[in-house]
2 protein chains.
Amino acid sequence: MRRMTARPANAHQARLLQLLRDGGPNSRAQLGDQVDLSRSKLAVEVDRLLETGLVVADGLAASRGGRRSHNVRLNPELRFLGVDIGATSVDVAVTNAELEILGHINQPLDVREGPVAVFEQVLSMAAKLRASGLAEGFDGAGIGVPGPVRFPEGVPVAPPIMPGWDGFPVREALSQELGCPVMVDNDVNLMALGEQHAGVARTQQDFLVVKIGTGIGCGIVVGGDVYRGTTGSAGDIGHIQAVPDGRQCACGNRGCLEAHFSGAALARDATEAAEQGRSAELANRLEANGGLSAADVAAAAAAGDATALDLIREGGRSTGQVIAGLVSFFNPGLVVIGGGVTGLGHNLLAAIRTQVYRQSLPLATGNLPIVLGELGPTAGVIGAARLISDHLFSPA
Amino acid sequence: MRRMTARPANAHQARLLQLLRDGGPNSRAQLGDQVDLSRSKLAVEVDRLLETGLVVADGLAASRGGRRSHNVRLNPELRFLGVDIGATSVDVAVTNAELEILGHINQPLDVREGPVAVFEQVLSMAAKLRASGLAEGFDGAGIGVPGPVRFPEGVPVAPPIMPGWDGFPVREALSQELGCPVMVDNDVNLMALGEQHAGVARTQQDFLVVKIGTGIGCGIVVGGDVYRGTTGSAGDIGHIQAVPDGRQCACGNRGCLEAHFSGAALARDATEAAEQGRSAELANRLEANGGLSAADVAAAAAAGDATALDLIREGGRSTGQVIAGLVSFFNPGLVVIGGGVTGLGHNLLAAIRTQVYRQSLPLATGNLPIVLGELGPTAGVIGAARLISDHLFSPA
DNA sequence: CGAACTTTCTCCACTGAGTGGACAAAGAAG
DNA sequence: CTTCTTTGTCCACTCAGTGGAGAAAGTTCG
């Protein structure tokens, strides 16, 4: 199949595409209820979209008390590729134009191997998905990387945990390989987009998404739009001081949040505790697996291990300490906690909540939900698909 | 003179009004260079604005090599009232439509006396300015209060330092008294608007303004617009923890920034130092004035007093500590330091800079200016005038 | 001084987006 | 079968906006 190349010709068409994306098949009449246009004008724009092939007819809808309406929907053959590169693993997914996941692969990966090796892997994963019949090609791709990005150009800048990537033209290179438009963003921003599109943040205009994985970062949404900062490093909260004169951090300072709590820090502290004989449970797991991860700590805590529970609580306290400051400053309507460490579940959430509600002023916390993300590991790829669809479904 | 009641009829007219406000008198041709409209359409809109009386003819401009152009300008009889209520003093100013200050009064005031008493004083100050011939009436007024505001309604909410004001309909009451449209905002946000309009932040899209006065707060500008948060308390950074297990704060927690550095905290610490005999310079001033203020500390430091200098440095360190976190999170293009405490000048700025540049990541600080505000005590009233003019110069 | 060029401003015919009403098609309710 | 409701199409009309022609007012230079 030839890939779609059409773009909406004006803001009305863009709006209609987004309504069809977020609301599924719709009749002209229903669309008319959601946009401020006369029926005549609306019909004209829908007809034009049908001509481009972006939208197709989708049979008759049930009657609403009169003549049945003709539904339209986004072309079901459209395909987006969502890529979420983490520090130690990568997610690749195929979605339709309504951003439903049709196929999803996760593989371990070391981002430090550099862009060339990583792209080879990503492209072979995409090829595998294509080979399985889910897509004949891609109409667009979104990709998230674990570091700051110069967004307009789609280029990582000075990413601490992925040295070889600095300045690498990710957008252009991938666009070349895939033969379709590509947008690049920070992985945390994509997680925020995902939770906004299909998760807990659906109705929110101003909210924060804190992703605790190998590292720790924060997605910022202002007025419904992701805020990226002047140089693309907004939300880089891993090196905010959480503990004065605390642990030495790789960045050269002491007491950074990331040095005290993150997937890596938790694994390190758990191993330390096991080796020092402070937890039989953790020591057993260390011996069994030859190493410890956040998941081991979660399991140990679930099994009632006090040391593991303490590690989680202490991490939650540090994280809550930093989040409390952000809440005072930003006054969000919602805080979402996500990332690999969410396996720690309620224990972590409780510790964070306690700290935030205690340290921030009542006006900011009075009606502030602090919740776990809804989408888990798919948040990133859904956000990636959302990113490219936002781009393609806006006037050319 | 009858006050102006007209509003721009469409976005084009609004844009033109804003260009005339920010750029002064302009010819149709010059305006045409700045908006994306044909000369014909532009002429039509300018003519309509002339009909409303918002804009008036302003003679012939110098030739640019051909026929001389007819200038137009905002009606020079338009008057805005800018009010900046602080914790211990109030500024009231009259501006023309180009937001130039025509008259300015500052008076001491205790905001805790409640809205009724404060309004009486503000209205008499406004009357005094009117009586001096600067204005026959006001076309609009902007007012800043030292606490969070529910912006759409113009009502303070749960303001810690001004108890009697909670829920008082400031906007409606003042609009009634003055007989003109009124907009209400937090004082720090107005300072940000002021520095954006006429100060150091003229070219910035994303920046922070930290106001250190009796208390401490932060104005946040995102994409050129003030961000106020979900409940209007965004930027309330006075109670972010700066020193773990630090000083007891009025809010109930320990180590809040405001408890360690602000006009009030500095005066308290200086008095303590004087009484404990740690500074002869400060002790002399305490005896002479019967009390100490931030200005005394500034003077003592300028005179070479080591204790005063230490107080400033320590305060700057705490402030920088908090700002460093905000910089990592928000990645602004500029940080402006303002408020009464800016009298401490370079010593304070140096301490803040040191801390921020040391604690935040290079990508965020690499090209980040941290500067003092340009407008001093007029920032608030200019911002107030800007607030109401933005409102009036937008489509009705 | 007059001719040629520039800039500014006005006028006007034309385009194209968008509206709203009339009407037809299709179904529901009684 | 009649009446009412909803959906979709058609069409005349309005109005924002364009772009070119040309007049008005200046400058420059031979």
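User: Before we start, which residues count as nonpolar and which as charged?
Analyst: Ala, Val, Leu, Ile, Met, Phe, Trp, Tyr, Cys and Pro count as nonpolar, Asp, Glu, Lys and Arg as charged, and the others, Gly among them, as polar. Please note also that this is a predicted model.

User: Then how do the residues near DNA strand C divide by class?
Analyst: The surface near DNA strand C has three nonpolar, 12 polar and seven charged residues.

User: Let's go back to α3(B). What does it lie across?
Analyst: The helix α3(B) lies across β2 and β3 of chain B, and runs at about 110 degrees to β2(B).

User: What is the strand order in that sheet?
Analyst: Three strands of chain B form an open sheet in the order β1-β3-β2, with antiparallel pairing. The edge strands are β1 (26-27) and β2 (55-60) of chain B, each of which pairs on one side only.

User: How many bridges join β2(B) to β3?
Analyst: Four bridges join β2(B) to strand β3 (residues 70-74) of chain B, and the two run antiparallel. As one example, Val55(B) has Leu74(B) in β3(B) as its bridge partner.

User: New topic: how are chains A and B related?
Analyst: A rotation of 180 degrees, with 0.0 Å of shift along its axis, superposes chain B on chain A with an RMSD of 0.0 Å. The two copies are therefore related as by a two-fold rotation axis.

User: How many residues are in contact between them?
Analyst: In chain B, 34 residues are in contact with 34 residues of chain A. On the side of chain B that touches chain A, β12 (216-222), α11 (306-330) and α13 (362-365) of chain B each supply at least two residues. The largest share, five residues, comes from α11(B). That side divides into 19 nonpolar, 13 polar and two charged residues.

User: Why can one say that the copies meet through the same surface?
Analyst: Because 100% of the interface residues of chain B are also interface residues in chain A, the copies meet through the same surface.

User: Last one: how is chain A divided?
Analyst: Chain A is divided into domain 1 (11-74), domain 2 (80-196 + 379-392) and domain 3 (202-373). The C-alpha centres of domain 2 and domain 3 of chain A lie 25 Å apart. Their contact takes 18 residues from domain 2 of chain A and 20 residues from domain 3 of chain A.

User: Which elements of domain 2 touch domain 3?
Analyst: Among them, β8 (149-150) and α6 (187-198) of chain A each supply at least two residues of that side of domain 2. The largest share, seven residues, comes from α6(A). By class, the side of domain 2 of chain A that touches domain 3 of chain A has 12 nonpolar, four polar and two charged residues.

Technical notes:
Residues numbered from 1 in each chain as written. Chains lettered and ligands numbered in written order. Predicted model: local features only at pLDDT ≥ 70, side-chain atom pairs only at ≥ 80, totals over all residues. Least-squares fit on C-alpha atoms with pLDDT ≥ 70 in both. Contact = placed C-beta atoms within 7 Å. Pairing = 2+ DSSP bridges. Axes fitted to C-alpha atoms, helices over the stretch in contact; angles between N-to-C directions. Domains from an automatic or database assignment.
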